[in-house]
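Student: I'd like to go over the aromatic side chains here. Can you take me through them?

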Amino acid sequence: MKVNMKKLLLLLTFIFSFSLFAQNVGLDGETDLTVDPLFQLDMPDDGVSEKEKTEVPDEALFSEDDEDSEDVEEEEPDSVTAEEESIPESKASKGGISQVPAAKRPKKADSEKVSAAAEKDENENTAEEYRNTIKYGIPSEISELVDNLIKNEDPRFSDELYDVFQTAKNNTIKEKILTYFTKLEDPCLEDYAVNLLNDPYDESGAVVKACFQYISAVKTKAAIPAVISLIEGENENYFNDAIAALGEIGGADEAVFLMEYMNRDDLSDAQRQILMRTSGKMHAVETWDYLVDVLEDEDENSFVRMYAAESLGLMEKKESVPVLINAFTANDPNLRQYVIKGLLHYPDVTEAKETVIQGIRDEHWRVRQEAIKAVKEMKLTDAVPFLVYRAKNDSEKVIKEESIKTLGALDTKEGNDFLISQVTDKKVGDSSKKKVIEVLLIDGKVGEKEILELANTCLEDDRRKDLRHAIGKELAKYKRPQYEEVCLKYLQSKDATTIGLGLDIYKTNKFASAESKMRELYADKKTNSGIRTRIKKMLEIEDE
């Protein structure tokens, strides 16, 4: 047989080439594009980066000249809902391990707050007693002390509590001290909180919750990856707190992430509600279109729609006003209430103000109450006649009281005249007078003279002890020299509760003229033992 050497050479070349190709094909059928170094050619450096050499433009993959291009079938795009289309693509960093911030000491306490806290001490040894409790006290003693420090906004013991926290094993102490620094908005425990949220599963639920509240108060953005991981995780115990925290520390990207997350099929209505409510706090206008779609969807869960209305208001985007006003026509009073919550963020928009004022006349008391609160915040003095009418005539006590509070805050002549008339009019019951007195004394601008006259009248009439006590309680809240005379009269009463209120007024004002009467009360063995004990502490009386 005569062999054609040319054809044989071509055949051998083909077999050799195919063999090389086969070696570079994995068992899964995917081609290994790594070239064996033995077959690399030494090419001159043309100034093109390695990345540019390996990247191939999309056009090159499917060029018009490709003979097989007409055989490629175009994939049908997945159907997308209108709401999904309105959500911009999230750029938020997904969940992960948060980088723990560096450890740091508490910040220096504000001098004015230190002075204010010191004034509330029972005696000159109080601060030292507090320090000893922190150093040597049992958990319940420390817990009670920290509650008191939080109540009084006392920042003097930050360093001592920080040091105790570092070695504390008791969860109650950890929780209380976290709450203390949350109140102070001091970032000194960020490292602890972030580290715990990276892996909270073996920790006390109360401590984990306190960490969420703490990072929210001090705006610890470093915690975002850990918080997102807990939202996406399977442990639902952390879901609500994690969402609430993200609403405080996250930004626009995290808001978009929450809106994307809402489209999951496995979320409960309650979870979708908190997602919606939280997104509004983040003021992310990027989600505005999506929120409008939710609000206008009558088939959507009613509570989700409510929180969408509130969120649109929080964005302070004026385009929201007509959308919200349109939603105010809904039959659902809960939705109308939350529309008012949204509209109060537009105090300079006429249509928003008009709708809020009309809300005072709504048939449902919750809507009226929300409208009255909004009037107070928006400072809508045009609403005063409506408020006076509601204070006089509303069938709900809560609406009457809300109207009185708002009238006091608006501080108009018409409103103040009405409030003073409630104090002086004998036809107005004492129970109604209490709320008016509380409101008028907040600023003490008007009505104080009439209230002091009423207090003197009640001091002479034991049938009005209840109102006398209510007035004394309010007077004791304020440091005002004009209360000296009434303080003495309270101390001269034969009623123990009245005398106790006189001591409260003295404690706030430290009237020198009252001290002689207090010593007289202390010397009288017939005086109530509780009152004598209080006087002894106040005047630092030492028994002989």
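Tutor: First, a definition: a charge sits over a ring if NZ of Lys or CZ of Arg is within 6 Å of the ring centre and within 35 degrees of the ring normal. This is a predicted model, where local features need pLDDT of at least 70, side-chain atom pairs count only at pLDDT 80 or more, and totals for chains, interfaces and linings use all residues. Residues are numbered from 1 along each chain as its sequence is written, and side-chain values use heavy atoms, with hydrogens and water left out.

Student: So what lies over the face of Y478?

Tutor: R480 does, at 4.2 Å from the ring centre. In another case, the charged end of K317 sits over the ring of W288, 5.4 Å from its centre.

Student: Switching to ring pairs. How many aromatic pairs are there?

Tutor: Seven. Rings of Phe, Tyr and Trp (its six-membered ring) pair if their centres lie within 6.5 Å; planes under 30 degrees apart are stacked, over 60 edge-to-face, the rest tilted. Y130 and F157 are edge-to-face because their planes are at 70°, with centres 5.7 Å apart.

Student: Where do Y130 and F157 lie?

Tutor: Y130 is in helix 6 (residues 126–136), and F157 is in the loop between helix 7 (139–151) and helix 8 (158–167), so the pair ties together parts 27 residues apart in sequence. Helices here are DSSP runs of H or I, at least four residues, numbered from the N terminus.

Student: Is F157 buried or exposed?

Tutor: Buried, at 0% relative accessible area. Buried means under 20% (1.4 Å probe, protein chains only). Y130 is buried too, at 19%.

Student: Which rings form a cluster?

Tutor: F239, F257 and Y261, linked by ring pairs.

How values were computed
Helices (H or I, at least four residues) and strands (E, at least two) are DSSP runs, numbered from the N terminus. Buried means under 20% relative accessible area, exposed over 50%, partly exposed in between (1.4 Å probe, protein chains only).
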